[in-house]
Each structure stands twice: as C-alpha cells, then as structure tokens.
Amino acid sequence: MSTEQPAGTELPMVKAEQVCKSFGRHQVLRGINLEVMPREVMCIIGPSGSGKSTFLRCINHLDKVSAGRLWVDGDLVGYREHGGKLHELRESEVARRRRDIGMVFQRFNLFPHRTAAENVMEAPMTVRRDSRSDAREQAGELLERVGLGDKLDHYPAELSGGQQQRVAIARALAMRPKLMLFDEPTSALDPELVGDVLAVMRQLAEDGMTMIVVTHEMGFAREAGDSLVFMDDGVVVETGKPRDVITAPRHERTQTFLSKVL
Ligand SMILES: Nc1ncnc2c1ncn2[C@@H]1O[C@H](COP(=O)(O)OP(=O)(O)OP(=O)(O)O)[C@@H](O)[C@H]1O
Ligand SMILES: [Mg+2]
C-alpha cells in the first residue's frame, strides 16, 4: 500500500485514516478519519472516555496507533518508507518530529523551580542549542505575546493558573511548531481565568497557527473554530462548521451531548 499522498492540492497538516488504538483488549479509537488543513482550527468535543486525549497523543506519537495511518505534514507518524516498506522510526527521530508539534495540557506541567522565562528558554537551549541570550530574548517576546511581559522572572507558584497556562503556551511556541495540540487547556482553571487563555488561543488562530483543540468551551469553538468534531466511543460521529454542528446537529448522540454542555 502506498503511503504517498496525491500531489497538486495543498497537503493536510494532519490526516487520520482509520486510526485505531487499543490498550490491551480495550479498543479506545475505532477508526478515526479526519483531515486538518494548514491554518485550520479544529475543535473536538465528546464525552469523557471517548478517546479525545488518546487521539491527540497518537498525533505526536506519545501513543502508538494499533492500526490505520496518521500523517503530520505529509510524514507518516512513527514510520518512514524505504524501498516500498515501512520502517519504524528510531526514538531520536520520533523526538525530532515531535518538536514540530506543540502540546498544551490541562495541567500545565511547568518546572516549578524555574521562572516563567526559564521555562520558555529550556527547550530552545537544550534541544536547539540556542544561546542563553537568544533564548532569553525569544522568551521575552513570547511572554509578551501571551500578555505576561511583566512576569518573566516570576516562578510558577507566583502566577495564577491562567498565567501558568499562558506560560505553557509560550513554552510550546518556543520551538516554533507547525501544529499546536490543546487538550482541555482551560478546564482546570477558575472561570474568571479562562478568558485570558482563550484570548491568547484566539490570537494564535488569527496569526494562522494550525490547531486542534479539545475543549468544551463552545463559545470558543463557535467563534475561533473552523471545524467542530464530535467524538463518541472512539469514532467521529459528526463533523462540520461549528455553527452548523452546534445549532443543527445531525445525529442524536451529538444532540444529547450538546444539550448537556450548552
Ligand atoms: N495508557 C492507557 N492505558 C489503558 N487505558 C487507557 C490509557 N489511556 C487511556 N486509556 C483509556 O482510554 C479511554 C479513552 O481515554 P481518553 O483519555 O482518550 O478519553 P477522553 O475523551 O480524553 O476523556 P476525558 O474527557 O475524560 O479527558 C478511557 O477509557 C481510558 O481509560
Ligand atoms: Mg481527555
């Protein structure tokens, strides 16, 4: 089977073809098909346990797909093709490709003993071997961009949850990713802190970043999303323009779910 994608048209940034994932006998993803085009913002909603996080983790190869295929920017995730055969990538190569993908989690996972700026400087210095002064300059710009230009030397414990999450976004951007994955980035935050984080994500979307956002912030999905996917029980039940899916869901399962979150 060919792993090439047809030339000519713009390549999707992410393409999933019949992606399946099992943990032991538990089949969590049961044939996910979708495409995310460059500069698209795709929001994913769905009940707890439907496989949303697992799908994001497959995209950057933190989880390995059990069957099906997944491409990021034309590259098959976890494999390269040579002489008509697929070869599993070495861990170093997996890590190299993973750098092109920024990931932001519900829990920010900042280094507690490092300042905001140092958290952002870490990967560029250790992975890209940027000089300290270059990394510091970039960290300053990125923290400015997420509205924390005055918090460079603050430690995570001195920042609110929303501020910490914005540092986490700046940190993910520091490797200049071509794709950003967000896994419920605001669901651990106090309600009054959610808006600032969503505003940063909106700006990122406007700047043209390709984003997949698992979120139940339906206002964000409607206004910033280009597409909305409803996942249930390891499959994509419904996908469409956010406004259409939200106001006129075609499937009963989508309707039932939306009636709970809207
Ligand atoms: N490493 C793992 N080992 C075994 N089972 C796992 C593992 N990771 C996830 N699962 C199972 O896969 C299913 C889907 O989990 P996943 O975290 O992808 O769901 P989700 O849609 O993100 O849910 P939530 O909305 O609660 O975050 C769950 O039943 C979970 O228990
Ligand atoms: Mg999840």
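Colleague: Start with D100. Buried or exposed, or in between?
Modeller: D100 is partly exposed, at 27% relative accessible area. Buried means under 20%, exposed over 50%, and partly exposed is in between, with a 1.4 Å probe and protein chains only.

Colleague: Where do these numbers come from?
Modeller: This is a predicted model, so local features need pLDDT of at least 70 and side-chain atom pairs count only at pLDDT 80 or more, while totals for chains, interfaces and linings use all residues. Residues are numbered from 1 along each chain as written, chains are lettered from A and ligands numbered from 1 in written order, and side-chain values use heavy atoms, leaving out hydrogens and water.

Colleague: Back to D100. What does it form a salt bridge with?
Modeller: K178, with the closest N and O atoms 3.5 Å apart. A salt bridge is a side-chain nitrogen of Lys or Arg within 4 Å of a carboxyl oxygen of Asp or Glu.

Colleague: Which parts does that pair tie together?
Modeller: D100 sits in the loop between α2 (91-98) and β8 (101-104), and K178 in the loop between α5 (161-173) and β9 (179-183), so the pair links parts 78 residues apart in sequence. Helices (H or I, at least four residues) and strands (E, at least two) are DSSP runs, numbered from the N terminus. K178 is partly exposed too, at 27%.

Colleague: How many salt bridges in the whole structure?
Modeller: The search finds 19. One of them joins E88 to K64, with the closest N and O atoms 3.0 Å apart. E88 is in strand β7 (residues 85-88) and K64 in the loop between α1 and β4 (67-72), so this pair bridges parts 24 residues apart in sequence. K64 is partly exposed at 36%.

Colleague: And what about R114? What is its partner?
Modeller: E122, with the closest N and O atoms 2.6 Å apart. R114 is partly exposed at 24%, and E122 has a relative accessible area of 24%. Elsewhere, K15, E17 and E35 are linked in a network of salt bridges.

Colleague: New topic: ligand 1. Which residues are around it?
Modeller: F23, H26, V28, P47, S48, G49, S50, G51, K52, S53, T54 and E184. Each has a heavy atom within 4 Å of the ligand. They divide into 3 nonpolar, 7 polar and 2 charged. Ala, Val, Leu, Ile, Met, Phe, Trp, Tyr, Cys and Pro count as nonpolar, Asp, Glu, Lys and Arg as charged, and the others, Gly among them, as polar.

Colleague: Which atoms of S48, S50 and K52 lie by its oxygens?
Modeller: For S48, a polar side-chain atom, 2.6 Å from a ligand oxygen. K52 also brings a polar side-chain atom, at 2.7 Å. S50 brings a backbone N or O atom, at 3.2 Å.

Colleague: How much of the ligand does the protein cover?
Modeller: 59% of the 630 Å² of accessible area that ligand 1 has on its own. Those areas come from the Shrake-Rupley method with a 1.4 Å probe; for residues, only the protein chains shown count as cover.

Colleague: Which element gives the most to the shell?
Modeller: α1, with 3 residues.

Colleague: Last one: β3. Which way do its side chains point?
Modeller: V41, C43 and I45 point one way, M42 and I44 the other, and all are buried.

Colleague: Which strands does β3 pair with?
Modeller: It runs parallel to β10 (residues 211-214), joined by 4 bridges, with C43 opposite V213. It also pairs in the parallel sense with β11 (residues 227-232) over 4 bridges, where M42 stands opposite S227. Pairing takes at least two DSSP bridges between two strands.

How values were computed:
Polar contact = N/O pair within 3.5 Å; in protein donor to acceptor, adjacent residues only side chain to side chain.
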